[in-house]
Amino acid sequence: IAAELPMRDDYLNKMKDIYTGRALRNSASFFQYFDKFLTNLKAQIGKEIAQATYQKYLVTRKHLADFLQENRGRKDIAPGELDLMMINDFDSYLRTELSMQQNSATKTVRFLKTVVLFMIRCGAIERDPFANYRFRWKQVSRSFLSEEELKSIMERKMVTPRLETVKDIFIFSCFTGMSYIDIDNLKESNIVTMNGERWISILRHKTGVSCHIPLLEVPKKILQKYEGKDKKGRLLPILSNQKMNAYLKEIANVCGIEKKVTFHVGRHTFATMTYNMGVSIETVSRMLGHKDIETTQIYARLLTSRISEEMNRISNRLNRFTNS
């Protein structure tokens with residue numbers, strides 16, 4: 001009789017699962033839920049997410065599948081099998097076996113967490129396996145151009161029209177803080193008049209945050225230079241991000257700039273330059289279209305020139321202490 005009790009309890013638990021619907025929820029595997037998540041995500045491409053974002057989740061799925069095969073000898077798992085130990089092992093696998101940098105590995109694990117949250121909402125997982133997981137980020141210094149480096153690019157006449165166009169659009173980013181994708185989507189309807197001045201008004205593609213950027217003289221002249229020259233109806237004839245970065249590397253070499261110059265450096269340059277010219281961090285954040293000011297604070301670094309300038313303002317007051 002005692003031997004029959006566990007069997008009876010198991011039978012009752014199965015009946016309970018069928019009655020409550022839990023058995024149906026648990027019948028799908030981890031990757032079946034992952035694929036459902038991907039299907040939903042794919043339908044949002046071009047509306048709420050970019051193709052690149054969808055691609056990152058595809059890569060995360062591949063890495064997880066490879067990890068399970070190589071380290072667990074499994075092609076799939078049940079949703080509830082993912083636990084803290086497996087997450088930590090996956091994190092370690094990304095850093096060691098795949099030689100990922102710390103932040104790249106952390107981003108991949110964060111993509112996995114988003115999928116797990118989807119499974120929790122679906123009722124496939126009862127407890128969040130990431131509850132005690134700590135995401136580890138490495139502080140990275142954002143590269144930007146100094147005023148002298150920016151000026152050297154602006155004053156350099158490029159040898160080909162293609163390089164000249166890439167240079168102009170990069171400078172446009174340096175004076176507006178706009179990212180590649182937002183410049184790629186820039187249309188005439190994004191140029192508005194407010195308080196008698198021309199502004200760029202956009203909804204940031206990445207964050208969905210509305211931002212307004214004063215149209216300064218330099219970017220205004222660049223827009224005039226390329227007016228009506230793009231066949232797609234964009235204000236600027238921007239190339240693919242990959243080609244822009246390849247040409248920018250050539251431009252940096254010609255100008256004697258040793259830094260790695262990518263298109264996104266233009267955005268970093270705008271943020272750093274405006275902040276060091278006295279624009280408040282709140283205003284910089286609004287112009288960059290950040291969701292929260294913490295994201296903007298990575299640019300809150302004072303150049304030695306500004307530190308010297310500000311200390312000189314109060315030097316006489318501070319020098320009084322030497323006479324006391």
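**Reading a predicted model: burial, cores, loops and a pocket**

Q: At 12% relative accessibility, does Thr274 count as buried or exposed?

A: Buried is the word for a residue under 20% relative accessible area. Thr274 comes in at 12%, so it counts as buried. Please keep in mind that this is a predicted model.

Q: Where is Thr274, and which residues is it in contact with, leaving aside its neighbours within four places in sequence?

A: Look for Thr274 in helix α12. Once those sequence neighbours are left aside, its contacts are Val279 and Val284.

Q: Is Thr165 buried or exposed?

A: The cut-off of 20% applies here too. Thr165 has a relative accessible area of 16%, so it is buried. This residue sits in helix α8. Beyond its neighbours within four places in sequence, Thr165 is in contact with Tyr226 and Pro237.

Q: How many helices and strands does the chain have, and what share of its residues is buried?

A: There are 16 helices and three strands. Of the 324 residues in the chain, 38% are buried. As for the surface, the accessible area of the chain is about 19,900 Å², and carbon and sulfur atoms account for 51% of that. Contacts can be sorted by sequence separation as well: among those between residues at least 6 apart, 62% join residues at least 24 apart.

Q: Which residues touch the most other members of the largest nonpolar core?

A: A nonpolar core is read as a set of buried residues joined through their side chains. In the largest one, which has 46 residues, Phe170, Phe172, Ile200 and Phe263 touch the most other members. Helix α8 (residues 161-174) gives this core its largest share, seven residues. A second core is separate and has 33 residues, including Leu64, Leu82, Ile87 and Ala105.

Q: What is Phe263 in contact with, apart from neighbours within four places in sequence?

A: Its partners include Ile169, Phe170, Met178, Tyr180 and Ile183.

Q: Which loop holds Ser99, and is Ser99 buried or exposed?

A: Ser99 is in the loop between α5 (84-96) and α6. Exposed means over 50% relative accessible area, and Ser99, at 55%, therefore counts as exposed. Its phi is worth a look: although Ser99 is not a glycine, the angle is positive, about 55 degrees.

Q: What about Asn195: where is it, and what is its phi?

A: Asn195 is also not a glycine, and its phi is positive at about 55 degrees. You will find Asn195 in the loop between β1 (191-194) and β2 (197-203). With 79% relative accessibility, Asn195 counts as exposed.

Q: What volume does the largest pocket have, and which residues are closest to its centre?

A: Its volume is about 2,500 Å³. The lining comprises 48 residues, and those closest to the centre are Lys56, Lys107, Arg110, Lys206 and His264. Sorted by class, the lining has 21 polar, 15 nonpolar and 12 charged residues.

Q: Which helices each supply at least two residues of that lining?

A: Among them are α4 (51-72), α6 (102-122) and α9 (180-184). Helices α11 (241-254) and α12 (264-276) each supply at least two residues as well. Thr274, where we began, is in helix α12.

Terms used:
Residues numbered from 1 in each chain as written. Predicted model: local features only at pLDDT ≥ 70, side-chain atom pairs only at ≥ 80, totals over all residues. Heavy atoms only, no water. 1 Å grid on protein atoms, 1.4 Å probe; cavity = no way out; pocket = protein on both sides within 12 Å on 5 of 7 lines; lining within 4 Å. Points joined across faces, edges and corners; volume = space filled by probe spheres on them. Nonpolar A, V, L, I, M, F, W, Y, C, P; charged D, E, K, R; others polar. Buried < 20%, exposed > 50% of the residue type's maximum accessible area, 1.4 Å probe, protein only. Core = buried A, V, L, I, M, F, W, Y, C linked by side-chain atoms within 4.5 Å. Contact = heavy atoms within 4.5 Å. Areas by Shrake-Rupley, 256 points an atom, 1.4 Å probe, with all protein chains shown as cover.
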